[in-house]
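Have the viewer open and try each task before reading on.

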Amino acid sequence: MKTRLRNIGLALKVLPRVLIDPHRRKLFREMRTFIRQLPIVLKVPIPQALQSITPTASSHTNAERATREMADVVALLDRDSPL
């Protein structure tokens, strides 16, 4: 029950920001696409899979905490997610 309340709180914190900010909306869509494709990516050996999904240094433009929170919400919304 405690976890469910924490998850609801996180969703209520993140989703309004996603609705308002077009950049976060784009990132949110990309994250949802990523987690749907993850099972396919992980069919190759793990070192290759990790190399293919590791971001480049230039792609670190978003705040790390906000990105993690958004990824958590994406995983919550997609219950079949491997995340």
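**Exercise 1: helix 2 and helix 4**

In this predicted model, helix 2 and helix 4 (residues 64-77) pack with their axes 10 Å apart, at an angle of about 50°. Your task: describe how helix 2 and helix 4 are oriented to each other, and say which residues meet.

*Solution*

Step 1. Look at the handedness next: helix 2 and helix 4 cross in a right-handed way.

Step 2. Now pick out the partners. Helix 2 brings Arg-24, Leu-27, Phe-28, Met-31, Arg-32 and Ile-35, and these meet Ala-66, Thr-67, Met-70, Ala-71, Val-73, Val-74, Ala-75 and Leu-77 of helix 4.

Step 3. Sorted by class, the residues of this contact are 11 nonpolar, one polar and two charged.

**Exercise 2: helix 2 and helix 3**

Work out how helix 2 (residues 22-41) runs relative to helix 3 (residues 46-53), given that their axes cross at roughly 150° and come within 11 Å.

*Solution*

Step 1. An angle over 145 degrees counts as roughly antiparallel. The crossing is at roughly 150°, so helix 2 is roughly antiparallel to helix 3.

Step 2. The crossing of helix 2 past helix 3 is right-handed.

Step 3. On the helix 2 side, the contact is made by Phe-34, Leu-38 and Val-41; on the helix 3 side, by Ala-49, Ser-52 and Ile-53.

How values were computed. Residues are numbered from 1 along each chain as its sequence is written. This is a predicted model: local features need pLDDT of at least 70, side-chain atom pairs count only at pLDDT 80 or more; totals for chains, interfaces and linings use all residues. Side-chain values use heavy atoms; hydrogens and water are left out. Axes are lines fitted to C-alpha atoms, for helices over the stretch in contact, and angles run from 0 to 180 degrees between N-to-C directions. Helices (H or I, at least four residues) and strands (E, at least two) are DSSP runs, numbered from the N terminus. Angles under 35 degrees count as roughly parallel, over 145 as roughly antiparallel, 65 to 115 as roughly perpendicular and the rest as oblique. A crossing is left-handed if the near helix is turned anticlockwise from the far one by less than a right angle, and right-handed if clockwise. Contact means heavy atoms within 4.5 Å. Ala, Val, Leu, Ile, Met, Phe, Trp, Tyr, Cys and Pro count as nonpolar, Asp, Glu, Lys and Arg as charged, and the others, Gly among them, as polar.
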